[in-house]
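Please examine the chain shown below together with its sequence. A report on its fold and packing is given after it.

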Amino acid sequence: MAEGDKTPDDAELLRTLTPAQYAVTRLRATEPPFSGELLNHHEEGTYECVCCGQTLFKSDAKYDSGSGWPSFVEPASDESVSTRSDTSHDMNRTEVICSRCDAHLGHVFDDGPAPAGRRYCINSLAMRFSCAQPQQGLSESSNQ
Ligand code: FE
């Protein structure tokens, strides 16, 4: 899983995700604030969809919003995430989903830092972190 264009089906996700990861990404639950493992995570690298492995956010766009959830000023690229209107819980919000597998990630708000003013408020449970390391093939070839 997580390689190529393959989008995992529901049975596979039930098997591979933790119940908490499944609840957030497929049932649109929200993790409790200040509970996520990636909230105070500051390593250089990328944040990937926990369901399909797509790159969602980069560490240089991450900032501390004080909200209790990992926050980003922008997605890794325009194609990384999709948004749609979410009127659940008597609120008018914009939901952020993985553009490849439709995993629920969180919401985006207009109270982020300048210049873009966006705050992508994302559940830690919807992502996994991938360290920024030179790809093996590339680093080795320079010594040959
Ligand atoms: Fe995904």
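## Basis and confidence

This is a predicted model, in which local features need pLDDT of at least 70 and side-chain atom pairs count only at pLDDT 80 or more, while totals for chains, interfaces and linings use all residues. Residues are numbered from 1 along each chain as its sequence is written.

The chain has a mean pLDDT of 91, and 88% of its residues reach 70 or more; pLDDT is the predictor's confidence in each residue, from 0 to 100. Over residues 139-144 the pLDDT is below 50, and this stretch has 1 contact in the model beyond near neighbours in sequence. Two residues are in contact if their C-beta atoms, placed from the backbone, lie within 7 Å.

## Overall architecture

The chain contains 3 helices and 9 strands. Helices (H or I, at least four residues) and strands (E, at least two) are DSSP runs, numbered from the N terminus. Along the sequence, these elements follow the pattern α-α-β-β-β-β-β-β-β-β-β-α.

Of the 144 residues in the chain, 31% are buried. A residue is buried if 20 or more other C-beta atoms lie within 10 Å of its own, exposed if 12 or fewer, and partly exposed in between, with C-beta atoms placed from the backbone. Among contacts between residues at least 6 apart in sequence, 55% join residues at least 24 apart.

## The sheet of 3 strands

An open sheet of 3 strands is arranged in the order β2-β1-β9, with antiparallel pairing; two strands pair if DSSP finds at least two bridges between them. Its edge strands are β2 (55-58) and β9 (127-131), each of which pairs on one side only. On average, neighbouring strands of this sheet are turned by 35° against each other, direction ignored. Such angles refer to axes that are lines fitted to C-alpha atoms, for helices over the stretch in contact, and run from 0 to 180 degrees between N-to-C directions.

Strand β1 (residues 45-49) is joined to β9 by 5 bridges, the two running antiparallel, and G45 has C131 in β9 as its bridge partner. On its pairing with β2, strand β1 forms 3 bridges, also in the antiparallel sense; here T46 stands opposite K58 in β2. The hairpin of β1 and β2 has 5 residues between the strands, and in it G53 takes a positive phi near 85°.

R128 lies in strand β9. With 18 other C-beta atoms within 10 Å, R128 is partly exposed. R128 touches E48 and V50, residues up to four places away in sequence not being counted. R128 and C49 are 79 residues apart in sequence, yet their C-alpha atoms are 6.5 Å apart in space.

## The sheet of 6 strands

A further open sheet has 6 strands in the order β3-β4-β8-β7-β6-β5, with antiparallel pairing. At its edges stand β3 (62-63) and β5 (81-86); each has a single partner strand, so one side of each is left without a neighbour in the sheet. Within this sheet, β7 and β8 run antiparallel and are joined by 4 bridges, and H107 has C121 in β8 as its bridge partner.

F72 is found in strand β4 (residues 71-72). F72 counts as buried because 26 C-beta neighbours lie inside 10 Å. Not counting residues up to four places away in sequence, F72 touches F57, A61, K62, Y120 and I122. Between F72 and Y120 the separation is 48 residues in sequence and 4.9 Å in space, C-alpha to C-alpha.

In helix α2 (residues 19-27), the buried residues are Q21, Y22, V24 and T25. These buried residues pack against α1 (10-16) and β7 (104-109). After α2 comes R28, whose phi is positive, near 60°.

A nonpolar core is a set of buried Ala, Val, Leu, Ile, Met, Phe, Trp, Tyr and Cys residues joined through C-beta atoms within 7 Å. The largest such core has 27 residues, of which C49, L56, C98, L105, I122, A126 and M127 touch the most other members. At least two residues of this core are supplied by each of α2, β1, β2, β6 (93-98), β7 and β8 (119-122). I122 touches W69, P70, F72, V96, L105, G106 and M127, not counting residues up to four places away in sequence.
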